[in-house]
Amino acid sequence: MTAPPSRPKRGANPFRLSVDPSDRLRAGGDAAPPPRPPARKPAREPRRPGGGKGGRNWARRLLMWGLTLSIWVGVGLGGVVAYYALDLPDIDKMTATSRRPSVVFQAADGEVFAAYGDLYGETLDLGEISPFIAQAVLATEDRRFFSHWGFDPIGLARALYSNLRAGHTVQGGSTITQQLAKNLFLTPDRTLKRKVQELLMALWLEKRFTKEQILTLYLNRVYLGSGTFGVDAAARRYFDVSARKVDLYQAAVIAGLLKAPSRYSPLNDPEASRRRTADVLANMVKAGYIDQKTADTVQVTGASQMIHRPPPTGRYFADWVMGQLDQFGEVAGKDIVVRTTLDIALQRKVEASLAAMLNGPGAKARVGQGAVVVMTHDGAVRVMAGGKDYDDSQFNRAAQGLRQPGSAFKPFVYLAAMEKGHAPDDLWEDAPIKRGNWNPGNYTGKYLGPITLRQALAESVNTVAIRLIEDVGPGRVIATARKLGISSSLTDNASLALGTSEVTLVELTTAYAALANGGIGVGAHAVAQITDSSGRVLYQRGGGGFGRVISPDVLARMHDMMGAVIAGGSGKAARLDRPAAGKTGTTQDYRDAWFMGFTADYVAGVWMGNDDYRVEMRKVTGGGLPAQLWKQVMTAAHKGLPVHALPSAEPPTPSDDSPDIAGEIASGAAEAVRGIGGVIDDLLKGIFGR
């Protein structure tokens, strides 16, 4: 049994550390250290009402978290703002407007019938504008305009509440300052970027300008429909008055346009405009600008003061002229006023007659479309109706539609024959004809034997026309058509006599003008004068014409034959109370029907058919509905005009004894083309016979 360990001496350290051979720390005494007693948890103090120390810690932590979050949110917002501010437009150039030049079209009598581009009125100070306009705009768009700083949280909250309650958008939350920023600098895109930039610019505007200046800018720049910018342009467009003189009802109409300019336009939808105007007047009552009795009275009396403009007219004509303005170099990029040759009163009558014909007899005969052109003998276009309804289709069938003219092309064949020496009383054989696999026949299916050229043209005999073009040669016919104004591609073969090559109504009518005016070649034109916005003349049309293209004796023969078409031939439905001449045209399977004709005062052309060339009309010929419409149009055009003989009765005399150079040039051109086409035809005839 071992002896008990000796007790350490007093004052010695029983837990002295030493290092053992294995480099481990160990206690330096003979005895192992006693285990430490377990740590005692401090007694939990009872919670005091109000939180105490622990509650203060949590409050301190929440405050720290909130401050940290606020800092990061601020940094994030600052970054977003900085990012979107990088490509802000140059707001120092806000007075430099970027817009399309305006083009205003006037009829021959000065009436404005169409306008393109952006229209601006006078730039007026706020004190010059009728106070009703500012009141109506503020009451409807931004009642807190003079109290907010460009952004209105209260107005935005009210708009959100109203929209949620209604289930759709009934109010906008943008202030007038924000709308001005968007109108001046930004696009209408509904994106976060655009809204942030809109807000930044609104704040900048509020800092840079006074409230009165901002409102003035807004009223002079805001878009109000029909191409108008600013309240003065709108007042003149819709009411023919200056913004200085706008009354209460008119001001409410203008303010109502801000929500949807096209939808609430009094020109497009008078009833929608009336309802919107009532809403604006109600807003003015709520804002305290007027009382309810005044609003009720104005709603009754104001509508009767509205200007009732006639429906838009001449829009096909305006589009046609607009496409030609690039040839007038000095007008590019300028605000201009174009005085045209359009007879606006006759245009309205023709459009109404065309619509009535197509909606009535035309609908029964499966005629879907039509076009009319009326011009004077010098080529000035007085009427152009390019279709049934411009709102349904803007395709201009008078100027853009290439269609086969059928027998309406035959006068060029007969003219070439007359120039070669034939006469109206010459006899030609109307008998079946066969050229290889081609067996052209007459519309009636009958053959008359030997007939005069006058009768052949009057009754539109196909076999005689084919024999004539084989006699004179397609090349000579093409040259004849070219010198009269036909510019479309023409096929150099015998089928040309039956009008198988496509032309437009405008160029065919222009070619007939040379037959109507005594044999002078002309070009179709529509512009009489162009002035800039200050009235300075940029263009003035002078006299014109391409010289004589038909000799008087040849023209007299043509009038003899073409007069017979209306007097008792295929075009007798077009007979007038005065001398007239013309020609019918009908294509294969009733796809096109034409009537072309002239008097001593006007030349006119009518086409009917369908846009889908596969759709056939129900036996509609040129001597039917087109001839009837032509008669209606020409009767309206000649109302009040005295009766005159056709110009060929007294051919014009040259002013001097100089040779007819234009005629010689035209004849030389005809012979040149014939040298390419006609001579070859004659050679082939000599080899193979007719």
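How many salt bridges does the structure hold? The structure holds 21 salt bridges, a salt bridge being a side-chain nitrogen of Lys or Arg within 4 Å of a carboxyl oxygen of Asp or Glu.

## Basis of the model

This is a predicted model, in which local features need pLDDT of at least 70 and side-chain atom pairs count only at pLDDT 80 or more, while totals for chains, interfaces and linings use all residues. Residues are numbered from 1 along each chain as its sequence is written, and side-chain values use heavy atoms, with hydrogens and water left out.

Helices (H or I, at least four residues) and strands (E, at least two) are DSSP runs, numbered from the N terminus. In a regular strand the side chains alternate between the two faces of the sheet. Strand S3 (residues 103-106) is covered on both faces: Val103 and Phe105 are buried on one side, and Val104 and Gln106 on the other. Buried means under 20% relative accessible area, exposed over 50%, and partly exposed in between (1.4 Å probe, protein chains only).

Two strands pair if DSSP finds at least two bridges between them. S3 runs antiparallel to strand S4 (residues 112-116), with 4 bridges joining them; valine 104 has alanine 115 as its bridge partner in S4. The hairpin of S3 and S4 has 5 residues between the strands, and glycine 110 takes a positive phi near 95° there. With strand S7 (residues 336-340), S3 pairs in the parallel sense over 4 bridges. The bridge partner of phenylalanine 105 in S7 is valine 338.

## Aromatic contacts

The whole structure contains 13 aromatic pairs. Rings of Phe, Tyr and Trp (its six-membered ring) pair if their centres lie within 6.5 Å; planes under 30 degrees apart count as stacked, over 60 as edge-to-face and the rest as tilted. Phenylalanine 105 and phenylalanine 113 form a tilted pair, because their ring centres are 6.2 Å apart and their planes are at 35°. Both phenylalanine 105 and phenylalanine 113 are buried. The rings of phenylalanine 409 and phenylalanine 412 have centres 4.9 Å apart and planes at 65°, so this pair is edge-to-face. Phenylalanine 409 is buried at 1% relative accessibility, and phenylalanine 412 is buried at 0%.

One aromatic cluster is formed by Phe105, Phe113, Tyr116, Phe317 and Trp320.

## Charged side chains

Glutamate 111 and arginine 348 form a salt bridge whose closest N and O atoms are 2.6 Å apart. Glutamate 111 lies in the loop between S3 and S4, and arginine 348 lies in helix H12 (residues 344-359), so the pair ties together parts that are 237 residues apart in sequence. Glutamate 111 is partly exposed at 29% relative accessibility, and arginine 348 is partly exposed at 28%.

Lysine 211 takes part in two contacts: a salt bridge with glutamate 206 (2.9 Å, N to O), and a position over the face of phenylalanine 145, 4.6 Å from the ring centre. A charge sits over a ring if NZ of Lys or CZ of Arg is within 6 Å of the ring centre and within 35 degrees of the ring normal. Glutamate 206 is buried at 16% relative accessibility, as is lysine 211 at 13%. The charged end of arginine 276 sits over the ring of tyrosine 264, 5.7 Å from its centre. A network of salt bridges links Glu122, Glu128, Asp232, Arg236 and Arg244.
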